Amino acid sequence: MGVRHFLLSFSLISCLLSQCARSDSTGSQLLKGINSYRASLNLTALSENSNADCLAEQLAKQFKGQACTNSTGDDTVPGTEEQFPNYPSYLSKCHLNVTVTQDAQVMPACVPGLVSDVVLTNYTKSQYNQYLNDSKYVGAGIADEGDWVVVVLSTNTPTGSFTPASADTSGTISASFSHFVMFVFLGFLGAVLM
């Protein structure tokens, strides 16, 4: 019975790891392809932006299981773009606020099987290439779910940098840090009084 549990556990872990590798592979291959495309235009490479990655992941989850149509992804007819009603909650999950994402560009694409060459073409030879050709974009976040891949471009401006909302620029101590300090202080006080 122990061997069966081991084999079952090993099989599940292998499946999970292969899925994670496929997702990471899609994103890293796409970023590499986009950067090669930008290099051919004498533009700087996009760096990976982990906060944009987080937003891309939240948006990709929304598209998972959705069919490809001319009102989704890079085939979208201008003016019929899908809105993201849960955008504020996606930002919250990524510890972002709308002010640091205003200059960002969200670009979803649906490619059955996520064939890497086709995925890249969906960005470089579509309405999205205008954003890839723009030097104001310096970072990218990429995520995929099912047949969907989402690229989120970031800038180096305060309104597009994806700086976390928890970063306090006013010079005051953030609430989570002050709670931590209070917890440590109470623990110390409890140890002294015992």
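Does Tyr131 count as buried, partly exposed or exposed, and at what relative accessibility? In this predicted model, Tyr131 has a relative accessibility of 22% and therefore counts as partly exposed, because buried means under 20%.

Strand 3, residues 137-145, is mostly covered, with eight of its nine residues buried. Strand 1, residues 47-48, pairs with strand 3 in the parallel sense over two bridges. Strand 4 pairs with strand 3 in the antiparallel sense, over eight bridges. Gly139 of strand 3 takes part in both pairings: Ser47 stands opposite Gly139, and Ser154 in strand 4 is the bridge partner of Gly139. Strands 3 and 4 form a hairpin with two residues between them, and Gly146 in the turn has a positive phi of about 60 degrees.

In soluble globular proteins, nonpolar side chains tend to be buried together. Here the largest nonpolar core has 21 residues, of which Leu55, Leu59, Val150, Val152 and Phe162 touch the most other members. At least two residues of this core come from each of helix 2 (50-63), helix 3 (87-93), strand 2 (105-110) and strand 4 (148-155). Helix 2 gives the most, with six residues. Val150 shows how such contacts run: leaving aside residues up to four places away in sequence, Val150 touches a set that includes Ala56, Leu59, Ala60 and Phe63, as well as Val106, Met107, Tyr123 and Ile142.

In one of them, the ring centres of Phe63 and Trp148 are 4.4 Å apart and the planes are at 20 degrees, so the pair is stacked. Phe63 lies in helix 2 and Trp148 in strand 4, so this pair ties together parts that are 85 residues apart in sequence. Both Phe63 and Trp148 are buried. Tyr131 and Tyr137 form an edge-to-face pair, with 6.5 Å centre to centre and 80 degrees between the planes. Tyr137 is buried, at a relative accessible area of 3%, whereas Tyr131 is partly exposed.

Leu114 is found between strand 2 and helix 4 (116-124). With a relative accessible area of 7%, Leu114 is buried. Leu114 and Thr26 are 88 residues apart in sequence, yet their C-alpha atoms are 7.5 Å apart in space.

Conventions
Residues numbered from 1 in each chain as written. Predicted model: local features only at pLDDT ≥ 70, side-chain atom pairs only at ≥ 80, totals over all residues. Heavy atoms only, no water. Core = buried A, V, L, I, M, F, W, Y, C linked by side-chain atoms within 4.5 Å. Buried < 20%, exposed > 50% of the residue type's maximum accessible area, 1.4 Å probe, protein only. Helix = DSSP H or I, 4+ residues; strand = E, 2+ residues; numbered from the N terminus. Contact = heavy atoms within 4.5 Å. Pairing = 2+ DSSP bridges. Phe/Tyr/Trp six-rings, centres within 6.5 Å; stacked < 30°, edge-to-face > 60°.
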